[in-house]
Amino acid sequence: MKKLKLGGNNILLAITVILFVVMYAGGCIIYADKGFTHLQTFLNVLINNAGLIAVAAGMTCVMLTGGIDISVGSLIAMDCMFLAVGMEHWGMSSPVLMILVLVIGAVFGLVQGYCVAYLEIQPFIVTMAGMFFARGMTAVICKDQVSIVSDKLFTAISNTKISIPFGGYVNKKGIYQTPFIRPTVIVALLVVILVFLMLKYTKFGRSIYAVGGNQVSATLMGLNVKKTKLLTYTLCSLLTSIGGICYCLNTMCGTTTQATGLEMDAISSSVIGGTLLTGGVGNVLGSLVGVLINGTISTLVKSNGKLVSSWANIITAILLCFFILLQAIFAKVKESKKA
Amino acid sequence: MDKVKKITKMKLFLPIFSMILVMMINVIYDIASGNPPFGFFSISINNGILYGRLIDVLNRGSEVAILAIGMTLVVSASAGTDISVGSVMSLSGGLCCMLLAGYGVTNVSEYAVPLWVGMLAGIAIACVCGLFNGFLVAYMNIQPMVATLILWSAGRAIGLLLCNSNIVYVRVPSFQFFGAYCGIIPTPILIAAVCVAVASIVLKSTALGTYIQSVGINKKASRISGFNSAKIILLCYVICGLCAGIAGLVATCRIYSADTNNIGLNMELDAILAVALGGNSLGGGKFNLAGSIIGAYTIQAITTTLYALGVSSAQAPVFKAIVVILIVVIQSQPVKDYFKKLSAKKAGAKEAA
């Protein structure tokens, strides 16, 4: 039984990876003249989605327990606004603010987790309230757009380029372009690796899978289901706050409408990456590939130049539909084999 | 003591209680700021139209009320929520305006096609969206929230494509009529009233309401006792789509333009909140349509009150969130159990004395 479950999951992950490779290769062939083949294009996808990668890692953990967290987009907006206003209006230093943001994120997640785990309210409703709250708080902190210009350290981190010694190319003016990444990418990838290791090797990680797989049997096994859920939601919001800092380093400003709809990007990335919405099955590496697919779609649409940006949404939705149907079919096959 | 218990156990207690609470806040605020204490309730006729805060609440709350009808049925039958309604609203408005104005045209003062064609197309596409959601939920056994996530993201995007990413204005009086005034009464109020009346007559006079509740309480048992559970769930989603279509057209006519980016934005959350506020369990089963409708207007009353108190539209969600959390915490099982234990302890103490 266990083998079959893993088989289905691996097939989903394999399809995702193949899809990404095919999509990227297709982009390379069609848009070769627009620089799609350069390493930098791929690195840009990583740079643009660094925040989303961290968020998707957290979202995957929550979805593994069978829950959902739709407050992440608003939480990022609140984080960005807090950072921006803190630096510009209150004159606080960026390291202090970053730690504060992480603390706020953890507390935010703790409250949501408490409502979900101990008060047994549906996760969707709790996080919907969280989403309202965070979005509203963004406006309470400041109603206008605040750009970050004064903090030297924050600007320096944002502008840091980490060069990669290979894969460069000579551009039209004959200047050699070194491919580079931003520090945010390293943070995001580090988050993914740590979450991957945590899910695979720690007791907490294994209990997340157990709770999502079957709550009753997890309880009978002696696991503390409520505590696991509480910690998972806390972890998700904490990772979202890390993502929020990365996001802020990319945009360098805080606005009330920032990161709207990001929660759906994170959810769809996880689903495309093979995380089952019913919980218990999934992999954070798959979610990383899911984010990359999302990013590649929007890069492809941008490279085309003629298509309206809403096409990216439609294509993502079609992909999402495809993967959800695949999951449903796998579930049906499994059920018929059981019977 | 027993009387209090009886009242709090009533089905409509929660929505009516919150409605009264909102009104009280208004009265207190009016007194505190030196206005006549019942300013909230005063209705007058200015320039031949009804005027007053209460009318404003009824008028602006029409869309949420219409959405709440469909959402109540969906929640009841499938124990899940349809989060695509806001996007579907935008899509139906977008298609309607696109047809009325012609593709790529952004500003017209006469119709390209007859009005009824545009309206019907808008409602039809919304029904198709409902059909799609319903198919995924009922026949593919996908979680409702996830199934509707697809259209949540695609619906608005398709609407944008149809309108060529522009805001399409249709400046024709007969189009504006549906969002403006019919005589002295705002038309949206009438439309919402008709929708509610039709829905309640259908649910009361046929067995549909009972079927839906039975499917929501136990899908398998309903199927065994001879209902086609999947078909009933599908029907609920189509009705929800239909409601979203009507609400979308009302919202579009109100501003006589298809502002695809903003029509119905976050409306799904208001609709779900209305259902929860109406005392319906979000876990499915029994439903109470009247509660949802009162809930919808309560939300609008909260919003209007917040604006009156000087809270900006961007900050208002904070208070909405607090209201949601309070309601669901009161409704949650552990809290209920706690209060039960508390009252049992009191009763025990009485007996001992």
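## Two chains, one interface

The contact between the chains draws on 38 residues from chain A and 43 residues from chain B, where contact means heavy atoms within 4.5 Å. Before going on, the ground rules: this is a predicted model, in which local features need pLDDT of at least 70 and side-chain atom pairs count only at pLDDT 80 or more, while totals for chains, interfaces and linings use all residues. Residues are numbered from 1 along each chain as its sequence is written, chains are lettered from A and ligands numbered from 1 in the order in which they are written, and side-chain values use heavy atoms, with hydrogens and water left out.

### The interface

About 3,500 Å² is buried between chain A and chain B, and carbon and sulfur atoms give 83% of that. Buried area here is the accessible area (1.4 Å probe) that two parts lose on being put together, summed over both. On the chain A side, Phe124(A), Phe132(A) and Met264(A) lose the most area to chain B, together 18% of what that side buries.

Three helices of chain A, α6 (123-141), α12 (262-272) and α14 (310-338), each supply at least two residues of the side that touches chain B. Helices (H or I, at least four residues) and strands (E, at least two) are DSSP runs, numbered from the N terminus. By residue type, that side of chain A splits into 28 nonpolar, six polar and four charged. For this count, Ala, Val, Leu, Ile, Met, Phe, Trp, Tyr, Cys and Pro are nonpolar, Asp, Glu, Lys and Arg are charged, and the others, Gly among them, are polar.

How many salt bridges does the rule find across the interface of chain A and chain B? It finds zero, a salt bridge being a side-chain nitrogen of Lys or Arg within 4 Å of a carboxyl oxygen of Asp or Glu. Two residue pairs are in polar contact between the chains, both at pLDDT 80 or more. A polar contact is a pair of N or O atoms within 3.5 Å; within protein, one must be able to donate a hydrogen and the other to accept it, and residues adjacent in sequence count only if both atoms are side-chain atoms.

### The nonpolar cores

The largest nonpolar core has 178 residues, and among those touching the most other members are Phe124(A), Ile267(A) and Ile212(B). Such a core is a set of buried Ala, Val, Leu, Ile, Met, Phe, Trp, Tyr and Cys residues joined through side-chain atoms within 4.5 Å. Buried means under 20% relative accessible area, exposed over 50%, partly exposed in between (1.4 Å probe, protein chains only).

Helix α12 (residues 229-254) of chain B gives the most to this core, with 13 residues. Leaving out residues up to four places away in sequence, the neighbours that Ile212(B) touches include Leu73(B), Ile232(B), Cys236(B) and Phe287(B). There's also a second, separate core of 15 residues, including Leu115(B) and Val172(B).

### Salt bridges

Over all chains the count comes to three salt bridges. Here they are.

| Pair | N to O distance | Residues apart |
|---|---|---|
| Lys226(A) and Glu120(A) | 4.0 Å | 106 residues |
| Arg254(B) and Glu63(B) | 2.8 Å | 191 residues |
| Asp270(B) and Lys320(B) | 3.1 Å | 50 residues |

In the chain A pair, Lys226(A) is partly exposed at 35% relative accessible area, and Glu120(A) is partly exposed too, at 48%. Asp270(B) is buried at 11%, and Lys320(B) is buried at 14%.

### A few single residues

Gln112(A) sits in helix α5 (residues 94-117) of chain A and counts as buried because its relative accessibility is 4%. Beyond its neighbours within four places in sequence, its contacts include Asp69(A), Thr127(A) and Ser237(A).

Is Thr278(A) buried or exposed? At 54% relative accessibility, Thr278(A) is exposed. Thr278(A) lies in the loop between α12 and α13 (284-304) of chain A, and, not counting residues up to four places away in sequence, touches Gly66(A), Gly212(A) and Gln143(B).

Ala259(A) has a positive phi of about 60° although it is not a glycine, and is buried at 8% relative accessibility. Ala79(B) has a positive phi of about 55°; this residue is in the loop between α4 (62-78) and α5 (85-101) of chain B and is partly exposed at 35%.
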